[in-house]
Each structure stands twice: as C-alpha cells, then as structure tokens.
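I opened this notebook to record what I looked up on the strand arrangement and the aromatic pairs. The entries follow the order in which I consulted the model.

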Amino acid sequence: MAKQCDALIITTAEIAGQASENGCKAHAMHVGGTYKFPFGKVRLTPAFHGSGIAGGHACGFIIDFYGVKFYFAGDTSLFGDMKLLQELDPFKYALLPIGGNFTMDPHDAAKAAAFLKAPVVIPIHYNTWPVIAQDPEAYKADVEKNIPGTQVILVDPGDTLEWD
C-alpha cells in the first residue's frame with residue numbers, strides 16, 4: 001500500500017531499512033528521537049512489544065500533525081515512563097490498546113490514561129480476534145468515572161474521527 005500511494009513510512013531504522021529494500025520510501029528514526037517533517041513533528045516513544053523484525057524495536061509515536069497532537073501507543077504494555085510523555089510533548093489525544101493478551105488490558109490501559117493525562121482517550125487494538133475481545137463501553141465508563149476531565153471516544157471499524 002505504501003508503494004502504491006508513494007507514502008513515507010516513518011519507523012525505526014531496522015523496519016525502515018526493510019521497507020526501503022522493498023521499494024518503499026522510509027525515514028529511519030529510533031526511540032527517543034524527534035524529527036520535523038513538512039506536516040509537523042514526530043517523536044518515537046518506548047513501547048514494550050515485539051517489533052516483528054529481528055533487531056527491531058517496538059515504539060509508540062507522539063505526532064504533531066498540522067497542529068493536532070496525539071500519542072499513538074501502538075502495541076504496548078503499561079510502563080511507568082508514560083508519566084513523562086505529556087511533559088516532553090503535550091498532546092490532546094491518546095490512542096491506547098485495550099485488548100489484553102498481546103497488549104495492555106482495559107485495567108492497565110485505564111492506569112495508562114491516568115499516567116498520560118490526555119483530555120481525550122481512544123481505545124484501540126481490541127475485538128479483532130476472540131483472544132483480545134473486550135468491552136469498550138465498560139472501559140469508557142471506568143476511565144470517565146475515575147479520571148476527571150478525561151473523555152473516551154469509541155471509534156467503530158470503518159468510522160472516521162475529525163481532530164480539532
């Protein structure tokens with residue numbers, strides 16, 4: 001798909017190298033790095049998960065996309081340094097996995113939401129297979145009840161969300 005659209009893949013060096021070898025445009029970064037692109041800035045953050053490529057690292061992203069800032073946790077577990085991310089690069093939206101088994105479960109993702117202090121949380125990476133089946137409505141209720149000022153937005157597959 002990246003080849004067909006001539007899209008730039010922004011990722012860790014190992015994955016960028018493999019993408020380039022397969023004819024895709026890629027920009028290599030590593031965890032902790034930041035870079036300014038024409039659309040805004042990208043910061044690679046830690047994530048705890050396999051990368052799927054030997055020697056590669058899993059990562060999350062804080063993205064400033066034309067002035068809208070969000071944290072995409074990707075596939076990760078809960079980790080304490082999430083508390084620092086809002087200080088490093090303040091963002092409004094946090095996309096957090098809630099599926100469990102391969103990533104955080106809803107309980108850990110609620111703790112992550114508390115650590116991150118993002119005004120808006122969007123749960124991701126759940127209900128695609130039975131092993132990661134979750135109740136996003138229950139997650140929403142838990143987070144909104146226990147973290148004052150946090151709104152959870154549920155986005156169904158195929159739906160779109162406009163950032164403000």
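The entries below concern a predicted model.

**Sheet.** I looked up the strand order first. I found an open sheet of seven strands, ordered β3-β4-β5-β6-β7-β8-β9, and its pairing is mixed. I noted β3 (34-37) and β9 (151-152) as the edge strands, since each pairs on one side only.

**Strands β5 and β6.** I then turned to β5 (residues 59-65) and β6 (residues 68-72), which pair in the antiparallel sense over five bridges. For Ile-63, I recorded Phe-70 in β6 as the bridge partner.

**Aromatic pairs.** I counted nine aromatic pairs. For Phe-65 and Tyr-66, I noted ring centres 4.8 Å apart and planes at 75°; an angle over 60 counts as edge-to-face, so this pair is edge-to-face. Phe-65 is partly exposed at 40% relative accessible area, whereas Tyr-66 is exposed at 60%.

I next examined Tyr-93 and Trp-163, whose ring centres are 4.6 Å apart with planes at 80°, so that pair is edge-to-face as well. I noted that the pair links distant parts of the chain, 70 residues apart: Tyr-93 belongs to strand β7 and Trp-163 to the segment after β9. Tyr-93 is buried, with a relative accessible area of 4%, while Trp-163 is partly exposed at 35%.

Note on methods: Residues are numbered from 1 along each chain as its sequence is written. This is a predicted model: local features need pLDDT of at least 70, side-chain atom pairs count only at pLDDT 80 or more; totals for chains, interfaces and linings use all residues. Side-chain values use heavy atoms; hydrogens and water are left out. Two strands pair if DSSP finds at least two bridges between them. Helices (H or I, at least four residues) and strands (E, at least two) are DSSP runs, numbered from the N terminus. Rings of Phe, Tyr and Trp (its six-membered ring) pair if their centres lie within 6.5 Å; planes under 30 degrees apart count as stacked, over 60 as edge-to-face and the rest as tilted. Buried means under 20% relative accessible area, exposed over 50%, partly exposed in between (1.4 Å probe, protein chains only).
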